[in-house]
Amino acid sequence: MNHRSFVSLLRKILSTPTAPFHEYAVAAVIRELLAPLPHVTVTADAFGNLIATYRRGKKKPSLAFAAHMDHPGWVRHAGKEEFLGGVPADRLDSHAVEWFGEFGMWELTPFSLKDGLVHSRVCDDLVGCAAIVAMFRELEEKEAEATVYGLFTRAEEVGFIGAIELAKTWPLPDGVCFVSLETSAPRGGAEQGKGPVIRVGDRMSVFHDGVTAELLDAAAGEKIGHQRALLDGGSCEATAMNLWGIPAAGISVLLGNYHNCPPESGIAAEFVSLDDVKNLVKLITATAIRTARRKTGDSSKAQLKTRLEKRVRDHRKYERAAAKHWVK
Ligand SMILES: [Zn+2]
């Protein structure tokens, strides 16, 4: 996808208003953007999480990329205005709110692109949603033979509610790994602008070793800018999936002004590096294609095991030579 159509896709999704439990406008935009893609079908589970499937050919699925459609925001509930999501209480009355019927967002720029940075009232996690839509477009353009899922979840900001509903009635084949696409505050030496972060884990759990290796492999093989780190500033939906027994991994685009909170005080737009987001799309597209092509035993982990086994064999002569010193 060229720069211009990618930016317009980002603009369209990031400009859509959302709040926990009020993700319907985002869901409608995602459905509208996926509708023209001939190999993508979209359904919803009983809770309203969207399940998109790209299927071309007969390849077995192994990956589901997931992003949440909500963002911390205001809701009208039982005659009162309440804030849902993680923002310090002393900032809640410091900024004007724009209402969209039953929910409200901070009055901030919906979208602007300046000096390679995307500023928006909601990057977390509409950036992840946009990356999945862009991946589906890329797979169509490349006529890739693969089966890959995109999951768009609800109400993550109040405790992974959509993801837990999804995990409880897991609608995908056994063995499919849930790969959380998030935006996160920089931690563990990772820096904005140096590529998406392949996460070793989050604040609460560590992630699936094999799938993390696949992601790192694809990034190295296709020379896609990326970082590897433990982002333990927060937890993401992969932790919820782990708890419910679904294998899970995670990637994050580093976020400035996490949850609209600038370092000192007040409320401001979040921002991400456009290049980081483009590299995220490249990374998930390449991983989807490579895992679909790969035969069993061909994975980077299987190759590493073969190399280590050879090393054991190669050093046997030294072991034999030293054997006489070992008392049996
Ligand atoms: Zn998030």
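R91 is in contact with C261, S265, G266 and I267, residues up to four places away in sequence being left out; two residues are in contact if their C-beta atoms, placed from the backbone, lie within 7 Å. The structure is a predicted model, in which local features need pLDDT of at least 70 and side-chain atom pairs count only at pLDDT 80 or more, whereas totals for chains, interfaces and linings use all residues. Residues are numbered from 1 along each chain as its sequence is written.

R91 belongs to the loop between β5 (80–84) and β6 (97–100). Helices (H or I, at least four residues) and strands (E, at least two) are DSSP runs, numbered from the N terminus. R91 is partly exposed, because 17 other C-beta atoms lie within 10 Å. A residue is buried if 20 or more other C-beta atoms lie within 10 Å of its own, exposed if 12 or fewer, and partly exposed in between, with C-beta atoms placed from the backbone. Between R91 and V122, which are 31 residues apart along the chain, the C-alpha separation is 17 Å.

R203 and S252 are separated by 49 residues in sequence and by 13 Å in space, C-alpha to C-alpha.

Strand β11 (residues 177–184) pairs with β14 in the parallel sense over seven bridges; strands pair if DSSP finds at least two bridges between them. Within this pairing, T183 has V253 of β14 as its bridge partner. Strand β12 (residues 197–201) runs antiparallel to β14 and is joined to it by three bridges. Here V197 is bridged to S252 of β14.

A further sheet is open and consists of three strands in the order β8-β9-β15, with antiparallel pairing. Strands β8 (112–114) and β15 (270–273) stand at the edges with a single partner strand each, so one side of each is left without a neighbour in the sheet. On average, neighbouring strands of this sheet are turned by 25° against each other, direction ignored. Strand β8 is joined to the antiparallel strand β9 (residues 117–120) by three bridges, and L113 has V118 in β9 as its bridge partner.

Helix α7 (residues 274–293) lies across β8, β9 and β15 and runs at about 60° to β15. Axes are lines fitted to C-alpha atoms, for helices over the stretch in contact, and angles run from 0 to 180 degrees between N-to-C directions. Helix α7 also packs with α3, at an angle of about 50° and with the axes 9 Å apart. This angle makes α3 oblique to α7; angles under 35 degrees count as roughly parallel, over 145 as roughly antiparallel, 65 to 115 as roughly perpendicular and the rest as oblique. The crossing of α3 and α7 is right-handed, a crossing being left-handed if the near helix is turned anticlockwise from the far one by less than a right angle, and right-handed if clockwise. V127, A131, A134, M135, E138 and L139 of α3 make the contact with V277, L280, V281, I284, T285 and A288 of α7. These residues divide into ten nonpolar, one polar and one charged. Ala, Val, Leu, Ile, Met, Phe, Trp, Tyr, Cys and Pro count as nonpolar, Asp, Glu, Lys and Arg as charged, and the others, Gly among them, as polar.

Helix α3 (residues 126–141) also meets helix α2 (residues 24–34), the two axes coming within 10 Å and crossing at roughly 15°. Helix α2 is thus roughly parallel to α3, and the crossing of α2 and α3 is right-handed. V26, I30, L33 and L34 of α2 meet L126, C129, V133 and F136 of α3. The contact of α2 with α3 comprises eight nonpolar residues, no polar and no charged ones.

In helix α4 (residues 161–168), the buried residues are I161, G162, A163 and L166. The buried residues of α4 pack against β3 (63–68), β10 (146–153) and α6 (237–243).
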